[in-house]
Amino acid sequence: MKKLFALLAIAGLAHGAQAAEVVGKAKDAADKKIAMCIGCHAIPGYKASFPEVFQVPMIGGQSAKYIEAALKAYQKGERKNPTMRGIAGSLTEQDIADLAAYYSQQK
């Protein structure tokens, strides 16, 4: 039993250390990672029509923390948009950090 607790403690520490290492790198978000975003979020005045018509926000210049929080909320289903839920669901923690870093540096 002590070995099990020790193993769980070590696993928890390793997971905590790994999570602490996630740092967004803007240049890593270029090309493939932003390709799924620019089709909607880079077009001024763009409106999407699924599941209803709505104005797509420009995300360039938003704070990294805001973008990270929004993507995580889409992953959890706290924000309701099927397209964004699917896209956010495919992202890793590193992808989210990289995208947030990239878009927070845009004007």
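Which residues does tyrosine 102 touch, not counting residues up to four places away in sequence? Tyrosine 102 touches Ala26, Ala29 and Ile34, where contact means heavy atoms within 4.5 Å.

Some ground rules. This is a predicted model, in which local features need pLDDT of at least 70 and side-chain atom pairs count only at pLDDT 80 or more, while totals for chains, interfaces and linings use all residues. Residues are numbered from 1 along each chain as its sequence is written, and side-chain values use heavy atoms, with hydrogens and water left out.

Now the core. The largest nonpolar core has 17 residues, and Ile34, Leu71, Leu99, Tyr102 and Tyr103 touch the most other members. Such a core is a set of buried Ala, Val, Leu, Ile, Met, Phe, Trp, Tyr and Cys residues joined through side-chain atoms within 4.5 Å; buried is under 20% relative accessible area, exposed over 50%, partly exposed in between (1.4 Å probe, protein chains only). At least two core residues come from each of H2 (26-29), H3 (32-41), H4 (64-76), H5 (82-89) and H6 (93-104). H6 gives the most, six residues. Helices (H or I, at least four residues) and strands (E, at least two) are DSSP runs, numbered from the N terminus.

Next, glutamine 62. This residue sits in the loop between strand E2 (54-55) and H4. Is glutamine 62 buried or partly exposed? Glutamine 62 is partly exposed, at a relative accessible area of 32%. Leaving aside neighbours within four places in sequence, glutamine 62 contacts Ile67, Tyr103 and Ser104. Its C-alpha atom is separated by 5.1 Å from that of serine 104, 42 residues apart along the chain.
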